[in-house]
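This report describes the fold of one protein chain and the surroundings of two of its residues. Please consult the sequence and the structure shown below.

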Amino acid sequence: MTTEERSAIEARIIDVLKTVYDPEIPVNIYDLGLIYKIEVKEDATVDLDMTFTAPACPAADFILEDVRQKIESIEHVAAVNVELVFEPAWDHRMMSEEARVELGFD
């Protein structure tokens, strides 16, 4: 897989991540800054590190499964490994400008 192909897959991953929401927050998980790493490997496997706004997120299982299913549905993705991490701890400064405005942080 070429660098360009991996970049195209990463762009599609970002697009689908922008369709995943925590049911309690009206901003997608990508713009919330919950995605720490997206790595598309040469064998078309995707490694993704993500977190939640709080470790005890009641929607965690739902969100993780939504992320996994949506990434696996992308053409040319062979498999996805979603790793839930809590370091560094998430805070509101990790949100995109649009998310901060939407949630009233600016």
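## Basis of the description

Contact means that heavy atoms lie within 4.5 Å. The model is predicted, so local features need pLDDT of at least 70 and side-chain atom pairs count only at pLDDT 80 or more, while totals for chains, interfaces and linings use all residues. Residues are numbered from 1 along each chain as its sequence is written, and side-chain values use heavy atoms, with hydrogens and water left out.

Helices (H or I, at least four residues) and strands (E, at least two) are DSSP runs, numbered from the N terminus. Two strands pair if DSSP finds at least two bridges between them.

## The sheet

An open sheet is formed by 3 strands in the order E1-E2-E3, and its pairing is mixed. Strand E1 (35-40) and strand E3 (79-84) are the edge strands, each pairing on one side only. From one strand to the next, the twist averages 15°. Here axes are lines fitted to C-alpha atoms, for helices over the stretch in contact, and angles run from 0 to 180 degrees between N-to-C directions.

E1 and strand E2 (residues 45-50) are antiparallel, and 5 bridges link them. Within this arrangement, Ile35 stands opposite Met50 in E2.

## The helices

Helix H1 (residues 3-17) lies across E1 and E2 and runs at about 145° to E1. Helix H2 (residues 60-72) also packs on the sheet, where it touches E2 and E3; its direction makes about 155° with that of E3.

## Thr45

Thr45 is found in strand E2. This residue counts as buried because its relative accessibility is 14%, buried meaning under 20% relative accessible area, exposed over 50% and partly exposed in between (1.4 Å probe, protein chains only).

The side chains of Thr45 and Asp43 are joined by a polar contact of 3.0 Å. A polar contact is a pair of N or O atoms within 3.5 Å; within protein, one must be able to donate a hydrogen and the other to accept it, and residues adjacent in sequence count only if both atoms are side-chain atoms. Beyond its neighbours within four places in sequence, Thr45 is in contact with Glu39, Val40, Ala78, Ala79 and Asn81.

## Lys41

Lys41 lies in the loop between E1 and E2. With a relative accessible area of 33%, Lys41 is partly exposed. Leaving out residues up to four places away in sequence, Lys41 touches Met1, Arg6 and Asp47. The side chains of Lys41 and Asp47 form a polar contact of 2.8 Å.

Lys41 and Val77 are 36 residues apart in sequence, and their C-alpha atoms are 9.6 Å apart in space.
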